[in-house]
Amino acid sequence: MNVSLSVWLLTVAGLCVLVAADFFIGRKPHDVSIREAGIWTAVWVVLACLFGVGLLVFGGGGPAGEFFAGYITEKSLSVDNLFVFVLIMAKFAVPSQYQQRVLMVGVIVALVLRAGFIAAGAAIISAFSWVFYVFGAFLIWTAWKLVQDARKGGHDEEYEENKLLKTIERRFGVADRYHGTKLWIEENGRRVMTPMLVVMLAIGSTDVLFALDSIPAIYGLTQDPYIVFTANAFALMGLRQLYFLIGGLLRKLVHLSYGLSVILGFIGVKLVLHALHESGVHVPEIGIPFSLGFIVLVLAVTTATSLWAARKQEQRREGDRNG
């Protein structure tokens, strides 16, 4: 797509308005009900669909298909990321009424960080076509690693703070308890961080690692920075509500990592084929309609088999208790 500067500015301004509205609505700390989370999750999905329809009307089927494929991929990767968010919330014992504030700020940090990754990715791709080989190989390796982690029960592990976060904690100090939504307090004449700020930094910094596979994945579906940015933005902005909506169901998605590994491996192969094609090698390329259908099919099968496996596991536990 040939997106003008004015369209870019309008899009960013519109997304900022949506983020501000979301922040205003959830500014008061409270426990988020399933009903509230469900309504706002639906709102964000509808907004994403309307944006995709707008691309269809003004840009044609190609850009719209790329957006929906990218949005669904990023959304499914975000669901897997929620496992880590659950571990972070448990690690720092975040009170339930403050969890939405933590997620809200974390999502804003993630949007800013990903904008930088997207800009860097676009610059690298335009300058070095061979980077598609690197992206493809990285996604295939990530897919294999996902399978290995799933076999080891990776989501059952505890969250471990990264070195950067530990360094910041040592440098500034951390209060021993939460002080509402305050990020800094005075303690013994010294200004120290509250656990609220620490957990926000944990979620924000963790998203940098998430972007390492999600950004190459979406560039495997489209090389248009505008579509890459908007698909990421819409996928992230509904993440807070999705956390509360499916938080209790996450443990039932036992096959999600396997499904995501198939999708990432598929996109990795697609990138390698595209790189070979760009190098003049006559190989078949995978189109967006097929990619979109494949991604949706894998996610549908993964969800169905996960729920079936979870139900079987519950039945076995019930049988053991009765026995």
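Biologist: What does Val3 touch, not counting residues up to four places away in sequence?

Modeller: Val3 touches Trp8 and Tyr226, where contact means heavy atoms within 4.5 Å. This is a predicted model, in which local features need pLDDT of at least 70 and side-chain atom pairs count only at pLDDT 80 or more, while totals for chains, interfaces and linings use all residues. Residues are numbered from 1 along each chain as its sequence is written, and side-chain values use heavy atoms, with hydrogens and water left out.

Biologist: Why is Val3 called buried?

Modeller: Buried means under 20% relative accessible area, exposed over 50%, and partly exposed in between (1.4 Å probe, protein chains only). Val3 has 18% relative accessibility, so Val3 counts as buried.

Biologist: What makes Phe58 exposed?

Modeller: The relative accessible area of Phe58 is 78%, which is over 50%, so Phe58 is exposed. Phe58 lies in helix α2, residues 34–59; helices (H or I, at least four residues) and strands (E, at least two) are DSSP runs, numbered from the N terminus.

Biologist: Why does Thr302 count as buried?

Modeller: Thr302 is at 8% relative accessibility, under the 20% limit, and therefore counts as buried. Thr302 is found in helix α11, residues 288–322, and touches His255, Leu256 and Gly259, not counting residues up to four places away in sequence.

Biologist: What does the side chain of Thr302 reach?

Modeller: The backbone oxygen of Val298, at 2.7 Å.

Technical notes:
Polar contact = N/O pair within 3.5 Å; in protein donor to acceptor, adjacent residues only side chain to side chain.
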